[in-house]
Amino acid sequence: MISYLEFEKPVAELEQRIAELRNAAEGDDVDISTELQRLETKSAALLASTYEALTPWQKTQVARHPSRPHFRDYIEHAFDEFVPLGGDRCYGDDEAILGGFAKLDGRKVVVIGHEKGNDTASRIRHNFGMGKPEGYRKAIRLMELAGRFGLPVVTLVDTSGAFPGVEAEERGQAEAIARSTEACLALPVPMVAAIVGEGGSGGAVALASAERVLMMEHAVYSVISPEGCASILWRTAEKAPDAAEAMKVTAQDLASLGVIDRIVPEPVGGAHRDPRLAVSTLGIAIAEELDKLGRYAPHELKRLREERFLTLAG
């Protein structure tokens, strides 16, 4: 069952009419196929036109949709033979950041990503995808293993930001994020990062400092959430739509600025309407990028990353 967003109300009303018409016609000899086809065509056209004209704030809402595919969905449908590895060998295991060995299109890789959960219990267990220091140190450990065994690294980024709690700060949150970013930049193997939902603040950059950064069509990527930015600038979160517009959070804006390399198309109506298709499309895109990067030597990969981020900074 689809959970509709506020701006999808006209589509929801039309699809409700279609459902009511089908229910009313059950067991009836009246032929309603022509009327159903007309309404379904109208609904599909309305959905397509709605998603072609989304504002940055509306895209933010799509990126946060509860039914959007998360890390475990990508692991299940895009990767094979996933072997999870847990713990940072220092403090504990953070379930907001998961990772391990896997195969993608027959290629052995190390895959790491944020997991938000898909219901109340799992969201609490995964801390809504907000990583703690031990999560980023686990990511560092996995990247070091990838470098040791010559395996490409794939990261799936989907977080509103690193966990801001006191206990995270006590355990060195800022240092862990910085070290994770450093580990990305120092990798001697190909790395492809994909922003699959929200890419928020340093919590996202710590897993996205790759030589190739992909972004789902309706994902968002920014230094702070629109609500956080609005609270700082205007002292009210109600200005979040204005903040989203000003910050250029969309894949389309970031591609034009050179922050990301490739936009991965989503099914009409967003990834949450056809998660299997969205997952498959991203898997193919990542495999293509890894094929391109496979011809580079380790020192060339590091140079690519340096050039990328120095260009953005300069």
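**Entry 1: the count.** I searched the whole structure and got 25 salt bridges. I took a salt bridge to be a side-chain nitrogen of Lys or Arg within 4 Å of a carboxyl oxygen of Asp or Glu. Side chains of opposite charge can pair when their charged atoms come close.

**Entry 2: the ground rules.** This is a predicted model, where local features need pLDDT of at least 70, side-chain atom pairs count only at pLDDT 80 or more, and totals for chains, interfaces and linings use all residues. Residues are numbered from 1 along each chain as its sequence is written, and side-chain values use heavy atoms, with hydrogens and water left out.

**Entry 3: Glu35 and Arg38.** I looked up this pair and found a salt bridge at 2.8 Å, N to O. Both residues sit in helix α2 (residues 33-52), three residues apart, so about one helical turn separates them. Helices (H or I, at least four residues) and strands (E, at least two) are DSSP runs, numbered from the N terminus.

**Entry 4: Arg262 and Glu289.** I found the closest N and O atoms of this salt bridge 3.0 Å apart. It links distant parts of the chain: Arg262 lies in strand β8 (residues 262-264) and Glu289 in helix α13 (residues 275-293), 27 residues apart. Arg262 is partly exposed at 25%. Glu289 is buried, at 5% relative accessibility.

**Entry 5: Arg303 and Glu307.** Their closest N and O atoms are 3.1 Å apart, in a salt bridge. The two are four residues apart in helix α14 (residues 298-313), so about one helical turn lies between them. Arg303 is partly exposed at 34%, and Glu307 is partly exposed at 39%. I also noted a network: salt bridges that share partners join Arg64, Lys116, Asp158, Glu198 and Glu227.

**Entry 6: helices α10 and α11.** How do the axes of α10 (residues 226-233) and α11 (residues 240-247) cross? They come within 8 Å and cross at roughly 105°. Axes are lines fitted to C-alpha atoms, for helices over the stretch in contact, with angles from 0 to 180 degrees between N-to-C directions. The helices are therefore roughly perpendicular, a label for 65 to 115 degrees.

How values were computed: Buried means under 20% relative accessible area, exposed over 50%, partly exposed in between (1.4 Å probe, protein chains only). Angles under 35 degrees count as roughly parallel, over 145 as roughly antiparallel, 65 to 115 as roughly perpendicular and the rest as oblique.
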